[in-house]
Amino acid sequence: MAVELEYLWCEGNFAGAAVSELREFRARVAWANGERPDFRLPDGSFDDADPHDLTAHHLILRRPDGEIIGCCRYAPLEALPCSRIRELDPALAVRLQGELGCADSELLEGGRLLVAPEWRRHGLASDLLLAGTALARVLRRRAIWGTAGVRQGQEHIFLRLGYRCADAPLIPAPHYADDLRVIVCEPDEVPAGTEPRIAEFTTRLSVLLADSR
């Protein structure tokens, strides 16, 4: 079945239907039959409300019938009210930014990589990450940083696609029932085998970003 890549840019006080739908999808997947109870509200509904959504580029995968089956988010670092990486480990954030030689305006902060359970092992998480690399290139961002969970091996997907783990201890994240590693990618330094797929996404995203303006 074909899967469609959708792009959504949010800026300022925006909480339209598209973001509400996205937050509900993320919460349902993250809830995982009660493994992460914080994502289900007392009335039984699902919501992953996060202020970072309101100043971010969202990449969304949909089935032809319109159902969301995967997503991830990339926020311009200079636009975030408070970077998660800086919250989690301020000293590490300073060190990484120095090593990368990047200003805030050259960094994207990735997050909320989620794929519907029935669509896992179809390469969708990899596609979302490669689309993120393409997005960084289109936006002329020199680096992406974020976190990856380790309990289900999520970090290995990132490592295959050109990310590296920061030299830092694991970060406990009880909200996600996981431990996190800080991960970093420089979009122009990725495995050669990923370039054809990144090129496809670069072409697609160049059109989507132009249409969104």
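**Close-up 1. Contacts of D48 in a predicted model.** D48 touches R23, R26, A27, F39, D53 and R112, leaving aside residues up to four places away in sequence. Contact means heavy atoms within 4.5 Å. The model is predicted: local features need pLDDT of at least 70, side-chain atom pairs count only at pLDDT 80 or more, and totals for chains, interfaces and linings use all residues. Residues are numbered from 1 along each chain as its sequence is written, and side-chain values use heavy atoms, with hydrogens and water left out. D48 sits in the loop between α1 (17-31) and β2 (56-62). Helices (H or I, at least four residues) and strands (E, at least two) are DSSP runs, numbered from the N terminus. D48 is buried, at 4% relative accessible area. Buried means under 20% relative accessible area, exposed over 50%, and partly exposed in between (1.4 Å probe, protein chains only).

**Close-up 2. The D48–R112 salt bridge.** D48 pairs with R112 in a salt bridge, with the closest N and O atoms 2.7 Å apart. D48 belongs to the loop between α1 and β2 and R112 to strand β4 (residues 107-115), so the pair ties together parts that are 64 residues apart in sequence. A salt bridge here is a side-chain nitrogen of Lys or Arg within 4 Å of a carboxyl oxygen of Asp or Glu. R112 is buried, with a relative accessible area of 16%. Side chains of opposite charge can pair when their charged atoms come close.

**Close-up 3. The D50–R73 salt bridge.** D50 and R73 meet through their side chains in a salt bridge (3.2 Å, N to O). D50 lies in the loop between α1 and β2, and R73 in strand β3 (residues 68-76), so this pair ties together parts that are 23 residues apart in sequence. D50 is buried, at 2% relative accessible area. R73 is buried too, at 5%.

Close-up 4. The side chains of R63 and E67 form a salt bridge (3.1 Å, N to O). R63 is partly exposed, with a relative accessible area of 23%. E67 is partly exposed as well, at 33%. Salt bridges that share partners join R23, R26, D48, D50, D53, R73, R84, E87 and R112 into one network. The whole structure holds 25 salt bridges.

**Close-up 5. The largest nonpolar core.** This core has 44 residues; L59, Y74, Y163 and L205 touch the most other members. Its largest share, 9 residues, comes from helix α4 (residues 124-138). A nonpolar core is a set of buried Ala, Val, Leu, Ile, Met, Phe, Trp, Tyr and Cys residues joined through side-chain atoms within 4.5 Å. Y74 touches several residues beyond four places away in sequence, including A56, L59, L128, L135, I144 and Y163. Another core lies apart from the largest one; it has 19 residues, among them C102, L107, A173 and V184.

Close-up 6. T203 is found in helix α6 (residues 195-212). T203 is exposed, with a relative accessible area of 54%. The C-alpha atoms of T203 and H58 are separated by 17 Å, and the two residues are 145 residues apart along the chain. An unreviewed UniProt entry annotates residues 17-183 as "domain: N-acetyltransferase". Over residues 17-183 the chain is 32% helix and 26% strand, with the end C-alpha atoms 31 Å apart. UniProt positions follow the numbering used here, feature names are shortened, and annotations may be inferred rather than shown by experiment.
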